[in-house]
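Take a look at the structure shown here.

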Amino acid sequence: MNVVPCMDLKAGNLEIATDLNSAYQAVFNSGWYILGQELASFEAEFAEYCDAKFCIGVGNGLDALHLILKAMDIGPGDEVIVPTNTFIATWFAVSLTGATPVPLDPDMHTHNIKAKDAEKLINERTKAIIVVHLYGQSCEMDEFRALSQQFNLKLIEDAAQAHGSTYRGKKVGSLGDAAGFSFYPGKNLGALGDGGAITTNSEVLAEKLRSMRSYGSVKKYHHDIAGVNSRLDELQAAFLRVKLRRLDQWNERRRFIADRYLKEIDNKNVILPVVAEGVVPVWHLFVVRVKNRDEVQAFLKHKGVETMIHYPKAAHLQGAYSNIEMYQETHAVAELLQDEVLSLPLYPQMTDEQVNQVIAAVNQVSC
């Protein structure tokens with residue numbers, strides 16, 4: 001029996017191996033490995049792709065969010081609204097500034113947070129909202145933009161899973177004050193190592209972030225602000241330039257597979273994801289909900305279908321926050337999702353036969 005992996009990074013890289021090898025050789029021969037032409041070119045190309053004016057390459061997605069917050073002067077005494085159902089980096093970015101992450105439960109259907117719920121948490125200490133375009137589906141950005149303007153809040157996009165997703169025809173990465181992207185290898189646009197980027201339409205913010213990512217320096221050995229060492233290196237930028245040219249094609253294949261799942265999985269024991277109005281997802285993950293998840297996962301493995309769990313413990317329940325009283329409150333939706341979510345295989349190099357195998361197996365789930 002053939003096994004369908006939940007994710008196959010090797011297949012995607014082999015598909016473009018010749019171009020990746022050429023990109024490597026060009027960087028190797030250049031003799032310039034940090035803050036060079038490959039990064040500058042990628043930043044221009046990715047900014048254009050996201051319909052944003054500026055892009056700043058950084059070391060990873062966590063640094064992207066952390067630097068955005070620091071550049072916005074958010075710190076101790078401030079509060080930032082964050083989803084309960086997200087990867088922990090969203091929360092850590094806030095905590096690293098000294099500010100307080102304020103948890104918000106997501107919508108049960110889309111698994112994304114909603115503006116009407118966020119409004120209930122706003123007080124005089126609230127300085128920003130981080131919306132997470134979870135699983136590759138944009139949040140309701142018109143509503144969040146109106147809310148942020150009403151209360152004079154910064155609106156930050158965590159777009160780590162949503163490269164290319166659109167909301168009402170506009171690309172994520174251009175819908176808030178700034179956006180943080182991750183290029184972790186498993187992302188829709190993934191490097192061959194760690195990497196991240198920030199997009200923004202603010203020239204002032206972009207200039208500050210360029211300085212902050214490189215020791216607070218614009219001119220070598222002159223450090224005007226306290227910065228960090230978080231730079232997307234030339235090699236990863238070169239690899240990402242190769243992959244960016246194929247991103248739309250790969251995302252379209254993801255949509256095709258997801259559309260088949262939505263149309264052909266017909267099992268009352270499996271709750272399918274819901275796409276919000278005006279959103280075109282890029283399906284970084286295809287996440288269903290099931291009862292008795294361990295049994296379902298074992299059954300699918302027996303049928304040759306590998307699955308993953310994103311995420312098995314909500315952010316507010318993580319050990320890093322276990323000694324903080326405010327995080328001991330129940331957040332019912334996130335705590336239900338953590339017990340029921342299951343990610344099915346979905347990646348651009350999946351064959352139609354593999355998709356058929358997944359659909360057939362999921363339709364046989366009975367527990």
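Helices (H or I, at least four residues) and strands (E, at least two) are DSSP runs, numbered from the N terminus. This is a predicted model, in which local features need pLDDT of at least 70 and side-chain atom pairs count only at pLDDT 80 or more, while totals for chains, interfaces and linings use all residues. Residues are numbered from 1 along each chain as its sequence is written, and side-chain values use heavy atoms, with hydrogens and water left out.

A pocket is found on a 1 Å grid over the protein atoms alone: it is an open set of points where a 1.4 Å probe fits, with protein on both sides within 12 Å along at least five of seven lines, and its lining residues have an atom within 4 Å of a point. The largest pocket has 28 lining residues, and Phe 87, Ser 182, Tyr 184, Lys 187 and Tyr 311 are the ones nearest its centre. At least two lining residues come from each of α4 (61-71), α5 (89-95) and β8 (178-182).

The second largest pocket is lined by 20 residues, with Leu 9, Pro 185, Lys 187, Arg 254 and Gln 349 nearest its centre. Helix α1 gives the largest share of this lining, three residues.

Arg 254 also belongs to the buried residues of helix α10, where buried means under 20% relative accessible area, exposed over 50% and partly exposed in between (1.4 Å probe, protein chains only). Helix α10 (residues 247-264) has 18 residues. Strand β1 (residues 54-58) is mostly covered, with five of its five residues buried. One side of β1 carries Phe 54, Ile 56 and Val 58, and the other carries Cys 55 and Gly 57.

Asp 19 meets Arg 246 (2.3 Å, N to O). This pair joins distant parts of the chain, 227 residues apart, with Asp 19 in helix α2 (residues 17-30) and Arg 246 in the loop between α9 (234-244) and α10. Asp 19 is partly exposed at 29% relative accessible area, and Arg 246 is buried at 18%.

Asp 259 meets Lys 263 (3.0 Å, N to O). Both lie in helix α10, four residues apart, about one turn of the helix. Lys 263 is exposed at 62%, and Asp 259 is partly exposed at 34%.

Terms used. The expected span of a helix is 1.5 Å times one less than its number of residues. A salt bridge is a side-chain nitrogen of Lys or Arg within 4 Å of a carboxyl oxygen of Asp or Glu.
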